[in-house]
Each structure stands twice: as C-alpha cells, then as structure tokens.
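Hi,

Here is the model I said I'd pass along.

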Amino acid sequence: MRKDTVRAGKLSNGQAWMEVEFCPSWGFIDDARRFVEAFCCHSRVPAERATQIAMAAHELLQNAVKYSEDGRAGVKLRIDPPKDWVDLVVENRCTASAAKQLKVAASRLTKAADPLQVYVELMHETARREDGSGLGLARIQYEAQLELEFAVRGRAVSVRASGPLALREQPARKRA
Amino acid sequence: MERAESGYRIRVDCTQSPPQMAMSGSVRVTEPGELKEFFGQVHSALVGCGACEVVVDLRDLDFLNSTAFKPLVHWLGLIDQLPVDGRYTVRFRIAKERHWQKPCLGALSCFSPLLVTVEGA
C-alpha cells in the first residue's frame with residue numbers, strides 16, 4: 001500500500017511546486033486546503049489569490065474523494081511567478097457513472113462563455129434538485145477565476161484548474 | 001435556534017428586529033440534507049414571526065464548501081416561492097479579510113438580486 005505523501009520544492013527558475021497524495025478522507029481535505037493556502041502565501045502569492053487557489057483545491061479534492069474508486073486522490077500545484085501562472089491538478093480513479101457525469105458537467109462548463117452565467121444557472125438547478133450539481137466546479141471558474149480542463153480516460157480522471165496569478169476585477173453585479 | 005457541528009456553528013435569534021443569524025467556523029459538509037432541513041426550519045420561523053429582513057453575519061465564517069452552499073441557495077429558493085408581499089430579504093454581512101466571501105456572496109446576489117444584499121464588500 002502506498003503511503004500518504006507531501007512533497008514540495010522551489011526551482012531555480014522561480015517556480016514553486018507541491019504535491020499531496022492521500023487516501024480519501026474528508027478531514028484531510030480541509031488540511032490540504034490550508035496547506036495549499038500557506039504554500040501559496042509562502043510563494044509570495046497575494047493573500048486574496050492564495051485563498052481562491054486553496055478554495056479551488058478544496059472543491060476539486062472534495063469531488064475526487066467523493067467519487068474515488070480505488071482509495072487514492074492527489075493534488076499537484078505549481079506556482080510560476082515569472083510567468084504569472086498557477087496550475088492545479090487533481091487526479092483520481094472514479095466509477096464509470098461518475099466519469100460519465102463529469103464529462104457532461106465538463107462539457108457544459110468549458111463551453112460556457114460567461115462563468116458567472118453558468119454558475120447562476122447551476123444555482124437555479126440546485127434549488128430544485130438533490131443530487132450532484134457541478135456547483136463546486138462552477139465556483140472554481142467564477143470565484144477563483146481559473147479555467148478548467150478535464151481529461152477522462154476510462155475511469156482515470158484528471159481535472160486541471162489554471163490561470164494567471166494576478167486577479168481580475170469581478171464582473172459587475174447584474175440586476176434582474 | 002442553533003446548529004452546532006464539528007467545526008462550525010449557526011445561531012439564529014428571531015427575537016431581535018430584524019432577526020439575526022450568525023455562522024462561524026468552517027462549514028464543510030459531505031451531504032447537504034441536514035443543513036437544508038435546518039434552513040427550512042429557519043425559514044418557517046422567519047415566516048412565522050413575519051420578518052421583512054434577516055441579517056446573516058458571516059464575519060466569523062472561515063470557509064463554506066460548495067455542498068454547504070447548496071442549502072443557502074435552496075433557502076433563497078424557498079423565500080422566492082412565497083407570495084411577493086410575504087417575502088423577506090437576506091442581508092449578508094461579510095469580512096473583507098475573508099477573501100472567499102466577496103465573490104461567493106456576489107454570485108449569490110446575482111442568483112437572487114431582489115432578495116440578497118451584501119454588506120461589508
């Protein structure tokens with residue numbers, strides 16, 4: 001059995017990276033979120049951005065743990081200040097039905113021109129349904145301002161959330 | 001009314017005007033069911049006391065995962081189902097230093113712009 005692992009380092013080109021792999025545990029997800037946030041701050045990412053990246057890690061890990069099939073989930077984070085870029089990848093193996101569900105959610109989210117619009121649409125659907133909603137992924141796209149990429153090969157799932165380290169102004173609030 | 005679980009607490013005081021709700025800690029639930037039920041009870045109490053507004057203080061709320069966000073969305077859906085003249089509004093108080101709150105509540109106010117206001121953003 002593989003052990004839980006945490007590895008982190010800094011490269012000579014200014015990049016900082018960390019990897020966490022663990023057996024699914026809800027309690028560990030929050031620890032991982034705090035670790036990611038602390039790591040970002042240590043890598044001189046502004047506190048506001050660090051919080052958003054950590055939130056994204058939490059949401060991705062939550063999905064990975066919820067749908068993990070073989071008892072493993074992992075997160076990889078790469079901070080690249082010279083290129084103003086953050087790259088967050090969460091990988092796991094999930095059930096066939098969960099992989100199918102993810103493909104549907106992924107298609108909708110990645111095709112959306114406006115992250116806020118699809119987020120609000122999902123909230124309307126959430127108000128009416130009981131099962132999984134994709135709200136966590138929409139949250140990453142809008143609140144954390146990270147683009148999502150999905151790779152599903154059989155039951156192996158990889159979700160990448162990436163984007164600039166610098167923040168953009170959130171779109172103005174829309175009135176009905 | 002109060003709900004206290006490992007890591008978080010939600011307290012509701014309907015005796016004040018307007019009624020007050022305070023959420024604190026880190027709300028990380030695996031299923032939304034119990035929280036949804038709690039917010040349903042809060043909704044019934046607020047309707048019962050004829051509230052026009054409720055203040056929800058999030059300033060001590062460290063984190064809210066998306067599963068815990070769903071019951072909030074569902075709650076607003078319940079308010080929206082009331083006759084227009086029976087609806088109450090929800091005023092969220094947030095903390096600037098809790099950086100996740102502004103975009104999160106901003107999105108919630110886009111979902112329900114007539115019911116939600118955000119203070120402290």
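**The sheet in chain B**

Chain B has an open sheet of six strands with mixed pairing, in the order β1-β2-β3-β4-β5-β6. The edges are taken by β1 (2-5) and β6 (116-119) of chain B, each with a single partner strand, so one side of each has no neighbour in the sheet. From one strand to the next, the twist averages 15°.

Before I go on, some bookkeeping: this is a predicted model, where local features need pLDDT of at least 70 and side-chain atom pairs count only at pLDDT 80 or more, while totals for chains, interfaces and linings use all residues. Residues are numbered from 1 along each chain as its sequence is written, chains are lettered from A and ligands numbered from 1 in the order in which they are written, and side-chain values use heavy atoms, with hydrogens and water left out.

As for terms, helices (H or I, at least four residues) and strands (E, at least two) are DSSP runs numbered from the N terminus, and two strands pair if DSSP finds at least two bridges between them. Axes are lines fitted to C-alpha atoms (for helices, over the stretch in contact), with angles from 0 to 180 degrees between N-to-C directions.

**How the strands pair**

- Strands β2 (residues 8-13) and β3 (residues 20-27) of chain B are antiparallel, with six bridges between them. A hairpin of six residues connects β2(B) to β3(B), and B:D13 sits opposite B:Q20 in β3(B).
- On to β4 (residues 53-64) of chain B: β3(B) runs parallel to that strand, and seven bridges join the two. B:Q20 is opposite B:V55 in β4(B), while B:A22 has B:D57 as its bridge partner there.
- β3(B), helix α1 (residues 33-48) of chain B and β4(B) form a right-handed β-α-β unit (right-handed: with the strands pointing away from the viewer, the path from the first strand over the helix to the second runs clockwise).

**Cysteines**

How many disulfides are there over all chains? The count is zero, taking a disulfide as a pair of cysteine sulfur atoms within 2.5 Å. For A:C40, the nearest cysteine sulfur belongs to A:C41 and is 6.9 Å away. A:C40 is buried, at 0% relative accessibility (buried is under 20% relative accessible area, exposed over 50%, partly exposed in between, with a 1.4 Å probe and protein chains only). B:C49 isn't in a disulfide either: the nearest cysteine sulfur, from B:C14, is 4.7 Å off. B:C49 is partly exposed, with a relative accessible area of 40%.

A:R160 is part of strand β6 (residues 156-164) of chain A and is partly exposed at 29% relative accessibility. Leaving out residues up to four places away in sequence, A:R160 touches A:D87, A:L88, A:V89, A:E147, A:L148 and A:E149 (contact: heavy atoms within 4.5 Å). The side chains of A:R160 and A:D87 make a polar contact of 2.5 Å (a pair of N or O atoms within 3.5 Å; within protein, one must be able to donate a hydrogen and the other to accept it, and residues adjacent in sequence count only if both atoms are side-chain atoms).

A:E143, in helix α5 (residues 135-143) of chain A, is buried at 1% relative accessibility. Its side chain has a polar contact of 2.5 Å with that of A:Y119.

Cheers
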